[in-house]
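Subject: Structure for your files, with notes

Hello,

The structure is placed directly below, and my notes follow it. Please read them with the model open.

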Amino acid sequence: MTPEPTPSQTVGPFFHDALLGEDRSELVPPHHPRAMRIEGTVYDGAGDPVPDAMVEIWQANEAGRYTDPTDDRENPLHDPETFSGFGRSGTDAGGRFSFLTVKPGPVPGHEGTLQAPHIMVSVFARGLLKHLVTRIYFPDERESNARDPVLSSIEDPEFRTTLVADDEGGVLRFDVHLQGDNQTAFFEL
Amino acid sequence: MGEQGSDRIFDARQEAQPPYLYSDYVATRLRAPKKPLMILPRTLSNTTGPAFGHGAVGELDNDLTRQHEGEPLGERIIVTGRVTDGYGRPIRNSLIEIWQANSAGRYIHKNDRHPAPLDPNFSGAGRCLTDDEGRYRFVTIKPGAYPWKNHDNAWRPAHIHLSLFGEAFRSRLITQMYFPGDPLFEHDPIFQSVRDEKARRRMISTFDLETTQPEWALGYRFDIVLEGRNATPMENHR
């Protein structure tokens, strides 16, 4: 008999000690020459900040290479000891999360396409029975964003724009709207 | 893309999962997305995923009864099982993080206001890596049921939260493990949010005499099945 998948359940409100006991929000040290801050707020359908969410990111390194043995392309690989590509941040009382990382390089898409630089995002919270998956794209990549197969599969330009971060004086802002007219685009798990 | 999304409503793989909006669980009402989910093609972005080496886990991190000077109060239990993909292949060296209430049904968390005692010898958080067969093992205390504010006289069945990474971004899973025969199942909207009865049963551990250690601790078995890196058997049958 084929094993059937285990269902997802909400992370609930009490995960902080177990999942956020170690700070994993800085993927690079603050003195890294190309360190980049990404900040955002998670909002619910009433427009209120979500103070008990957790955001995780997964990304390639600056050369577009994932720190994973199955990404065996010959691009230069950061020492996996220093760049894991994974980050985790809780939201504070104001619903805010924050990461310090570097901008990833472009990575291959399906069927020989190239994807614009992007960061994979998972959002967990009380009230989310399954986590939500979205992507952060970069505002200074207009041309490669226009060619990106995932971004361009979203027909509504306003909906598409929810995946592109805003440059606020060197800090990238990426807000997550779980619900409502300005809801962020989410992907099937 | 929205239309392709609705074609997949009948996907058995999705059927096992709860919906985002389940009104009986009140917190979903303002947090569930309402716009259709987009399809994400399978690329390196979701078939790769983070790995956590042995450095991430301390030797005693999987024993929640030995994190303090004294022993916690309550019924000592062993929770063990295998983590596999949809083909039954073991998921090796994969991080599992758990958290739970103490035996009185109280979490160490500033927002838990349930008037049940905290246990100075129990923090309720642990982690471990799966071995080469995909097996994991925790020693802990059976958690108590606890009240919550979802509806009048609402109580959560006893459960342990588990967070798993598996081998890829798309394998990520956070779930809850329940205990067999709990009378609260039928009253709990979080458990009931999984509409398929067989799928609900996959969240309930089984008492296991083989795991049980004489004069010491009851054993419970809980196997976990994650999405693999690539296609699952069920997807092949589409």
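A residue is called buried here if 20 or more other C-beta atoms lie within 10 Å of its own, exposed if 12 or fewer do, and partly exposed in between, with C-beta atoms placed from the backbone. On that count, 41% of the 238 residues in chain B are buried.

Some conventions before the rest. This is a predicted model, in which local features need pLDDT of at least 70 and side-chain atom pairs count only at pLDDT 80 or more, while totals for chains, interfaces and linings use all residues. Residues are numbered from 1 along each chain as its sequence is written, and chains are lettered from A and ligands numbered from 1 in the order in which they are written.

Chain B overall

Chain B contains six helices and 11 strands; these are DSSP runs numbered from the N terminus, helices being H or I of at least four residues and strands E of at least two. Along the principal axes, the C-alpha atoms of chain B occupy a box of roughly 55 × 45 × 30 Å. Of the contacts in chain B with a separation of 6 or more, 71% are between residues 24 or more positions apart; a contact means C-beta atoms, placed from the backbone, within 7 Å.

The sheet in chain B

In chain B, four strands form an open sheet in the order β3-β2-β7-β8, with antiparallel pairing. Two strands pair if DSSP finds at least two bridges between them. β3 (125-129) and β8 (173-178) of chain B are the edge strands, each pairing on one side only. From one strand to the next the twist averages 20°, using axes fitted as lines to C-alpha atoms (for helices, over the stretch in contact) and angles from 0 to 180 degrees between N-to-C directions. Strand β7 (residues 159-164) of chain B is joined to β8(B) by six bridges, antiparallel, and B:Ser163 stands opposite B:Ile174 in β8(B).

The sheet in chain A

Chain A also has an open sheet of four strands, ordered β3-β2-β7-β8 with antiparallel pairing. Its edge strands are β3 and β8 (132-137) of chain A, each of which pairs on one side only. The twist here averages 25° from one strand to the next.

Strand β2 (residues 53-58) of chain A has six of its six residues buried, so it is largely enclosed by the rest of the structure. A:Ala53, A:Val55 and A:Ile57 point one way, and A:Met54, A:Glu56 and A:Trp58 the other. In a regular strand, side chains alternate between the two faces of the sheet. β2(A) pairs with β7(A) over six bridges in the antiparallel sense, with A:Trp58 opposite A:Met120. Five bridges, also antiparallel, join β2(A) to strand β3 (residues 86-90) of chain A, where A:Gly87 is the bridge partner of A:Ile57.

Between the chains

Across the interface, 58 residues of chain A are in contact with 64 residues of chain B. α1 (16-20), β5 (107-108) and β7 (118-125) of chain A each supply at least two residues of the side that touches chain B.

Regards

Technical notes
Two residues are in contact if their C-beta atoms, placed from the backbone, lie within 7 Å.
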